[in-house]
Amino acid sequence: MADRSFLDWPFFEDKHRNLAAGLEAWCAANLPIDHTDTDAACRQLAQMLGEAGWLTYSSDQDGTALDLRSLCLIRETLARHDGPADFAFAMQGLGMGPVTLFGSPEQRDWLAKTTSGAALAAFALSEPASGSDVANISTEARPDGNGFVLNGEKTWISNGGIADIYTVFARTGEGAGAKGLSCFLVPADTEGLEIAERLDVIAPHPLARIKFNEMKLPADALIGTQGKGFGIAMSVLDIFRSTVGAAALGFARRALDEALARTSSRQLFGAAMAEMQMVQGHLADMALGVDAAALLIYRAGWKKDSGAERVSREASMAKLYATETAFEIIDKAVQLHGGDGVRSGQKVEELYREIRALRIYEGASDVQKIIIARQTLADFS
Ligand SMILES: Cc1cc2nc3c(=O)[nH]c(=O)nc-3n(C[C@H](O)[C@H](O)[C@H](O)COP(=O)(O)OP(=O)(O)OC[C@H]3O[C@@H](n4cnc5c(N)ncnc54)[C@H](O)[C@@H]3O)c2cc1C
């Protein structure tokens, strides 16, 4: 049983402890599901999470503000039980993030569908030539009469190909680089959307490269203010980056549990592996990494929920440390399983594949270091 003592930390309120207990029971009863068909599993998980009410936390649709600690607790718990369940939850929040934070009342109508699991959401920012370099986006939204015409290409779009609604960042040209971007709400059935390629990755998720071909968008597709798209993207990532760290934490906790179970039961040289001091050294490193990551994640969540406008430094620290450390923890768990650790179908083998992309998406680790360093230097001067 994964350590739950962190729930007593002062970062949490009773509502968080109740949420964690309720979700834990739900996960134990409902997860994992069969993932053989990745797309079908994603749809089913969104529906299950919606029906059980967990997706209401992915936006502020019920009238309460987004609570980052709740988002992190949910992602951590789902990831510990079943990676695709975490993915299905996360995409509803990230995909609709621009609408939750900046959407008009009409655009917010979509939230009822995404929080019930009836519609799947996607967040389309990255392009073949601009992943880390977001300000370099070349997808263009050309003003046309009362609306816009969208042309360009996005890649690595999670839920791409199965999403019902996309938030899309495009250049509207108010200024150079980051100053000339806007964000749009694009239903998947809008004429001009092409699913150019489905992408396979080491831990299967619905992913696609998509194209916009002379797509006509009405003026009210614009989310927030024209020319402020970069700020919208950064505000959304400011919230969801900590939750990527939380998912990594869930994977790391599961790896630690698997390693504890394995080393307690496996006999080597006449004793349980867990009695060997070098094995204990690995277990100690893993437990330390889990707690340190949790402290950084829930510090970021607590600060944001306490009213901080931006938590870029805290969120970057949480994401950077949690994802890098989870990778090390999972690698140790694989090692402690010996040959079984790399066998297809073993939980630690699945975790080893699941964790890798988290060090790349929503800002690669190197990018997080730049954010932390810039903020630290600014605070010093
Ligand atoms: C599984 C998965 C799901 C994704 N889902 C989405 C999604 O839903 N929506 C979306 O818009 N995007 C998504 N992405 C895209 C993701 O955000 C980008 O892959 C990421 O931002 C990196 O961009 P890139 O792949 O173009 O790599 P590049 O920008 O080419 O960077 C390559 C590497 O260079 C290094 N690097 C980059 N910048 C710097 C720097 N300034 N200094 C030093 N080193 C640096 C980093 O190590 C980085 O990994 C997803 C990606 C993956 C793998």
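**A walk through the model**

Let's start at one spot inside: leaving aside neighbours within four places in sequence, alanine 248 is in contact with Ala322, Thr323, Ala326, Ile355 and Leu358. Contact here means heavy atoms within 4.5 Å. Before I go on, a word on what you're looking at: this is a predicted model, where local features need pLDDT of at least 70, side-chain atom pairs count only at pLDDT 80 or more, and totals for chains, interfaces and linings use all residues. Residues are numbered from 1 along each chain as its sequence is written, and side-chain values use heavy atoms, with hydrogens and water left out.

Back to alanine 248, which sits in helix α7. Is alanine 248 buried or exposed? It's buried, because its relative accessible area is 0%; the cut-offs are under 20% for buried, over 50% for exposed, and partly exposed in between, with a 1.4 Å probe and protein chains only. Also, alanine 248 and arginine 359 are 111 residues apart along the chain, yet their C-alpha atoms are separated by 9.2 Å.

Now let's zoom out. The protein has 11 helices and 10 strands. The C-alpha trace spans about 80 × 55 × 40 Å along its principal axes. For 381 residues, a compact globule would have a radius of gyration near 21 Å, and the protein's 21 Å agrees with that. That radius is taken over C-alpha atoms, and the globule rule is 2.2 Å times the number of residues to the power 0.38.

Of those 381 residues, 54% count as buried. If you take the contacts with a separation of 6 or more, 73% of them come from residues 24 or more positions apart. The accessible surface is about 16,200 Å², and 53% of that belongs to carbon and sulfur atoms; the areas come from the Shrake-Rupley method with a 1.4 Å probe, and for residues only the protein chains shown count as cover.

On to some helices. Take α8, residues 277-305: at 1.5 Å a residue its 29 residues should span 42 Å, and the end C-alpha atoms are 41 Å apart, which agrees. The expected span is 1.5 Å times one less than the number of residues. Buried residues in α8 include Val279, Leu283, Met286, Gly289 and Ala293. What covers the buried residues of α8? Among the elements doing that are α3, α7 and α9. After α8 comes glycine 307, with a positive phi near 115°.

Tyrosine 321 touches Gly289, Ala292, Ala293 and Leu296, not counting residues up to four places away in sequence. Tyrosine 321 is partly exposed, because its relative accessible area is 31%. Its C-alpha is separated by 9.6 Å from that of glutamine 368, 47 residues apart along the chain.

Next, helix α3, where you'll find arginine 75. This arginine counts as buried, because its relative accessibility is 5%. Among the residues arginine 75 touches are Asp86, Phe89, Phe240 and Thr243, leaving out those up to four places away in sequence.

Then there's α2, residues 38-51, with 14 residues and a reach of 20 Å from first C-alpha to last, close to the 20 Å expected. Its buried residues include Asp39, Cys42, Leu45 and Met48, and the cover over the buried residues of α2 includes α1, α3, α4, α6 and β6.

Finally, the loops. Between α1 and α2 there's proline 32, and a cis peptide bond joins leucine 31 to proline 32, with omega about -5°.

Which phi does phenylalanine 269 have? It's positive, about 55°, although this residue is not a glycine. Phenylalanine 269 lies in the loop between β9 and β10, and it is exposed, because its relative accessible area is 80%.

Glutamate 362 also isn't a glycine, and its phi is positive, near 55°. You'll find glutamate 362 in the loop between α10 and α11, and it counts as buried because its relative accessibility is 16%.

How values were computed:
Helix = DSSP H or I, 4+ residues; strand = E, 2+ residues; numbered from the N terminus.
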